[in-house]
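Hello,

Please find the structure below.

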Amino acid sequence: MKVVVCVKQIPDPADPGALDPETRTLKRDVKLILDESDSYGVEMGLQLVDNAGGGEVTLVSMAPNNEQSGLRTALAMGAASATLISDTELIGSDALTTAKVLAAAIKDQEPDLVIAGSESSDGYTGTVPEMIAAVLDLPSVTAAKSIEVGGDAIQVQRQTDAGYDVVDCPLPAVISVTAGVVEPRYPSFKGIMAAKSKPLDEKSSADLGFAADAVGWAGSGQEIVDVAEAPQREAGEVIEDDGEAHLKIVEFLENLKVI
Amino acid sequence: MDLRLSDEQQMIVETVRRYVAEEIVPLEADLDPDAGALAPDDFDRLVDKTKEMGFYGLDIPEEFGGPGLDTTTRALMAIEMSQHRAGLYNPCYGTFGGAGLAQLYEATDEQKEKYLYPTLRGEKKGCFALTEPSGGSDPARAIQTKGHEDGDQWVLNGSKLYISGADKADFALVFARTSDDPGRNGVTAFLVDTDTSGFNVRRVVHTLRSTHYATEISFDEMRVSKDQILGELNRGFAIANDRLSRQRIPYAAGCLGAAIKAQEMAIEWAKSRETFGSVLAEKQAVQWMIVDNEIDIRHARYCILEAAQKADRGERFRTEAAMAKLVASEASGRVVDRAMQIHGGLGMTKDLPLERWYRELRIRRVGEGPSEVQRLIMAREILGGSFK
């Protein structure tokens, strides 16, 4: 089974990030790491390949500055190889452009399955996986919490507010994976030492057939016109325990329809 | 000196950091503040995990089945592994495995079969019995435990103090004077099973570590066969010197890890705690404490990495290892002390790990050779061996 996993390399959330005042986008001229939300996709892909008894997981990533460390982390987890699309023309690409570029890199690999995280931890558009599916003209299932392969199709448990849906989907397909549904494995010592020698193919947008004005700021159909501080969270309701507090809490939760 | 980490080292550091954050810290939250062990089920589960990761038995040399880490990588891991409440003396609660006593790697094949390999498999525990009531920093002269030959046996008499784990150990490495030479050339190391007649644990000795204790042991006409001698007769101090110097580097790195975490906590608290209309971080008195912490942390880090890199290049690193141990243990104590000051009353409580680190870092200035002995080692190296 051949699985392509899309991974994003993002500024370390542990470090204080900064917005570029001109573009109002996150500054990315710092060291980038594997987006934690993508580690679930990598793990899911590795498990599917293990269960299938053969095949491999390959990675596809787009990054502005030839950053490889996040990809190396996913290679150390067990992915077989990676493709990195990186050049300065790509800076400023919006979600659709990103999806087109990733789709172009995925297409040549003819995978059985494409996996991506539901949304990145820096941009949070949550749209790229479905856009990739649209560009590649493949079926797509979002918010997968489990995937079972059976012949030329998969059965996906799709997370919903009320529980989960069971969705049958033919292969090849693009699946987005919800964070937290599997436990990403730790890279092993051997995996870490071997990661550097695994194939990592670097490509530019031009290599994939994109003109300079089709990607980056020039090719983007969107502009960030304003950035505002998130509003402060409002103070919660304090229930004093006068002996009836438990009833008031139950009533409060019932009103929220959580119980 | 190049302080940058290789890609592999960076990944190993990130892996251990994640392991501490995801596996250790959540379990620790439910333990007694002075606990030194995980629940057996949790311990076994995590050992399976570190074995799967290929990191179990970190300090075991590659030829004995260990992962074969260089000293720098091992030090970098130690910096991460100690960044939790029990991290100084129980880094990751031992889930990365132990290596046994360094001296056992110099043992005969028979001794290795009997002591080293069972230790590596976790089937036997050893203890290190060197210090005596008469002293520990200059053990070569302080040792009064005596051995005399009787046929094909040695008979030992004497006592040892501040010995960790003797009451739970299966065997002890006992140093005894076996000749008239009053110095290091008259001391022999013996491997002694703790169920040998004459081996007595006399009492436990409580220390700054609340739930941990040391022991006092005595030897009363304890008979040990000659094949229990480790190394050569009267050459007990010549064993494993290189390994022991090397061990000072991760020891120093463990101190640094606690300091790094304490500084992280101090910064977070200083940025959020308001007094007199502004956060602590806006007050110069606090800013300077944070800066002094940073200076101490970087100083210790440079010394540790310099020692480790020299060791890895096969260069002489005795001075550097001693300096790393001295600087890291003292600097980390200061960092934790300042972090407690910044936290005020909260810093004194067992709600935070600071007070435990504060107590345990005090021991680190004495354990594994006190600061004064580290200075002595450096003085000999700097001035030459003739100045004693």
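How much area do chain A and chain B bury between them? The figure is about 1400 Å², with 61% of it on carbon and sulfur atoms; buried area is the accessible area (1.4 Å probe) that two parts lose on being put together, summed over both. On the chain A side, A:Y186, A:F189 and A:I192 supply 53% of the area buried against chain B, more than any other three residues.

This is a predicted model, in which local features need pLDDT of at least 70 and side-chain atom pairs count only at pLDDT 80 or more, while totals for chains, interfaces and linings use all residues. Residues are numbered from 1 along each chain as its sequence is written, chains are lettered from A in the order in which they are written, and side-chain values use heavy atoms, without hydrogens and water.

The contact (heavy atoms within 4.5 Å) involves 16 residues of chain A and 18 residues of chain B. Two salt bridges cross the interface, a salt bridge being a side-chain nitrogen of Lys or Arg within 4 Å of a carboxyl oxygen of Asp or Glu. One salt bridge joins B:K49 to A:E183, with the closest N and O atoms 2.8 Å apart. α5(A) gives the most to the side of chain A that touches chain B, with four residues; helices are DSSP runs (H or I, at least four residues), numbered from the N terminus.

Regards

Methods: Helix = DSSP H or I, 4+ residues; strand = E, 2+ residues; numbered from the N terminus.
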